[in-house]
Amino acid sequence: QVRLVESGGGLVQPGGSLRLSCAASGGIFSINDMDWYRQAPGGERELVAGSTRSGYSNYADSVKGRFTISRDNAKNMVYLQMNSLKPEDTAVYYCNADGTVYNGPIQNNFRSWGQGIQVTVSS
């Protein structure tokens with residue numbers, strides 16, 4: 001399994017900004033999609049922003065115009081720039097990636113999750 005590690009979370013006031021980062025590592029692999037999910041207290045995990053290797057991106061309606069997803073394929077990283085943050089953005093944010101991992105002659109599809117990082121928007 002490819003390992004994903006998130007960073008950049010924390011506490012911010014409403015209207016503020018944060019940038020989340022996610023780094024992928026672990027052997028020989030290629031990534032197709034890299035996405036950001038979030039899960040609010042008592043809620044379901046939901047897709048926030050998704051990206052493809054070719055550069056296509058999509059966003060949940062709730063964050064459109066405020067969040068921007070970007071990728072650095074050479075560094076196996078994905079970012080989420082979050083602007084104009086609202087209290088309802090408070091959640092644990094998870095990085096997700098899928099693609100192909102190579103183990104000697106064995107080739108397998110994978111889907112990996114980061115452990116999550118807390119984002120709290122509060123006065």
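Which residue in β8 does Ser21 stand opposite? The points below give the answer and its setting.

1. Basis. This is a predicted model, in which local features need pLDDT of at least 70 and side-chain atom pairs count only at pLDDT 80 or more, while totals for chains, interfaces and linings use all residues. Residues are numbered from 1 along each chain as its sequence is written, and side-chain values use heavy atoms, with hydrogens and water left out.

2. The opening question. Ser21 stands opposite Tyr79 in β8. Strand β8 covers residues 77-82 and pairs with β3 in the antiparallel sense over six bridges. Two strands count as paired if DSSP finds at least two bridges between them. Strands are DSSP runs (E, at least two residues), numbered from the N terminus.

3. The sheet. β3 and β8 belong to an open sheet of four strands, ordered β1-β3-β8-β7 with antiparallel pairing. At the edges are β1 (3-7) and β7 (67-72), each of which pairs on one side only. On average, neighbouring strands of this sheet are turned by 15° against each other, direction ignored. For such angles, axes are lines fitted to C-alpha atoms, and the angles run from 0 to 180 degrees between N-to-C directions.

4. The disulfide. The count comes to one disulfide, defined as a pair of cysteine sulfur atoms within 2.5 Å. Cys22 is joined to Cys95, with an S to S distance of 2.1 Å. The link is left-handed, with -85° about the S-S bond. Because Cys22 lies in strand β3 (residues 18-25) and Cys95 in strand β9 (residues 91-103), the pair ties together parts that are 73 residues apart in sequence.

5. Burial of the cysteines. Cys22 is buried at a relative accessible area of 0%, and Cys95 is buried with a value of 0%. Buried means under 20% relative accessible area, exposed means over 50%, and partly exposed lies in between (1.4 Å probe, protein chains only).

6. Asn83. This residue lies in the loop between β8 and β9. Asn83 counts as partly exposed, at 29% relative accessibility. Its side chain makes a polar contact with the side chain of Gln81 at 3.0 Å. A polar contact is a pair of N or O atoms within 3.5 Å; within protein, one must be able to donate a hydrogen and the other to accept it, and residues adjacent in sequence count only if both atoms are side-chain atoms.

7. Neighbours of Asn83. Not counting residues up to four places away in sequence, Asn83 touches Gly16, Ser17, Arg66 and Phe67, where contact means heavy atoms within 4.5 Å. The C-alpha atoms of Asn83 and Gly65 are separated by 8.7 Å, with the two residues 18 residues apart along the chain.
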